[in-house]
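I opened the model to look up a few backbone details and the chain contact. My notes follow.

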Amino acid sequence: MNPTMVTLFGGVFALLAFASIVGFVLSRRVKSENGIATVSNLNARIKAWWMMIAIFAVAFYFGSGVTIVLFALTSFYCLREFLSITPTRAEDHGATVAAFYLFIPLQYWLIWTDWQSLFAILIPVWAFLLLPLLAVLKGETEEFLTRSSRIQWALMLNVFCISHAPALLLLDIPGFEENFLLLFFLIAVVQLSDVLQYVFGKLFGKHKVAPRVSPAKTWEGLIGGGLSASAIGASLFWITPFSPLEAGLLALTIVFAGFAGGLVLSAVKRSLGAKDWGTMIEGHGGALDRMDSVSFAAPVFFHLTNYFFAL
Amino acid sequence: MIARIVGEAIVLLTRFLVGGHGRWRGVEPVGAQRIYFANHASHLDTIIMWAALPAHLRETTHPVAAADYWGKGALQRFIALKVLNAVLVERAKSKDPLAPLRDALEAGGSLIIFPEGTRRMEPLPGEFKAGLYHLAKGFPDVELVPVYLTNLARAFPKGAFVPAPISCVAHYGAPIALEVGEDKAEFLARARGAVIELSGEQE
């Protein structure tokens, strides 16, 4: 692992250690029933963060192969969560199987072999055409459009969109070799933005952004958390090929895209009658509850960086 | 030894692909002698019901499986008999298909049965066959635990070759018992109702 990466993960560990201490002190202080619930959820989240950061550090240490596999598994779990609460039918089995066993490996293999042109169209074009064909062979026409859309949507979001994060490793940026740092930048800004919005929301939140869709999101949280995450992004300019201003603007874009992802997926979740996507990560819900903002932010960050900075 | 390793591998693969976790809603996962009865949607049901049990219950619980599927090849036979500790029944030929089930209960074991007898594509179970009633009558001390399996028909529908990774959960309900004077049809309808009721409670 290169020295910059060691410094960055050192910083993240220090931050988490600080959060753990705060969580411990709070758990001793808080007495009200509501407060105890909030703090124990907070501590569960911090514990899960240790786990997630450790997994990330290991993947980065071993390089692009392991990182790509890690994101492929993330896509797998997110897609599993998504389709588990989406009412597909037995007749959709062929399309579902193809989504899992054909398109996840293929999409991530294309990143591994550096085949960017096919990577960009595999799911929007080839899967889009193949999946409804697999479904139509079963001869069931009931709700055909809805059923086809569900699977295509699930695949776009959980595989295509999320795969844009490790795809940052593909970009060929003149004078910049350490593409892992771009991936670190993206994940750090998205997740810090989520955490800081949560913190600002808990401390100052009054005005809800979208009460029906996502009651926890407040304007105070969005503005306070979003601006601080963007500021942190700007201060990380030295690990990126960007100037401080560019880094700040890109971080701000990541924050907005991430917020949009959280909002849209919350609406999807609610339309399916669920509160969390799953129970995989204690305190956080499912894997998709952590990846919802990444799924929107990754393609936006990938394409802006590709357009303005890459060859 | 090999059976143990294969068993662990099957549990791991099940967790990875379809989850197969148990939700103990009406009953605790303790060692009482029981008959778990569930809706039947796929051949995976047997494995998921088995994997959803905690390890200490797996040793004493025998899934009841159809001999015409699980007894066919050497591999299926090995998995059914050595790994899952299954009791195989001849659905069509046998005069007294319940005999091996009675033997297992008399030896103190618990059973997993699918009273519909056949797999269905629909989420709710079909009519129950009489076997559950006869067992309830013959073994009044054994707890009858209804179980609802979610998503199985979507994860591994009839005629499919591989399971799709859609998470399947086993919901365990409160035990029921054969009441005094209750006739066969009433009891079977009530047992089926207990499974259906669990389907409404799933998260």
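I started at B:Asn85, which sits in the loop between α5 (74–83) and β4 (87–89) of chain B. Helices here are DSSP runs of H or I with at least four residues, strands are runs of E with at least two, and both are numbered from the N terminus. B:Asn85 is not a glycine, yet its phi is positive, about 55°. Buried means 20 or more other C-beta atoms within 10 Å of the residue's own, exposed means 12 or fewer, and partly exposed lies in between; C-beta atoms are placed from the backbone.

Checked the source next. This is a predicted model in which local features need pLDDT of at least 70, side-chain atom pairs count only at pLDDT 80 or more, and totals for chains, interfaces and linings use all residues. Residues are numbered from 1 along each chain as its sequence is written, and chains are lettered from A and ligands numbered from 1 in the order in which they are written.

I then turned to B:Asn151, in the loop between β6 (143–149) and α8 (152–155) of chain B. Its phi is positive too, near 70°. B:Asn151 counts as buried, because 24 C-beta neighbours lie inside 10 Å.

Confidence came next. Chain B has a mean pLDDT of 90, and 98% of its residues reach 70 or more. pLDDT is the predictor's confidence in each residue, from 0 to 100. I noted ipTM 0.85 and pTM 0.90 for the model.
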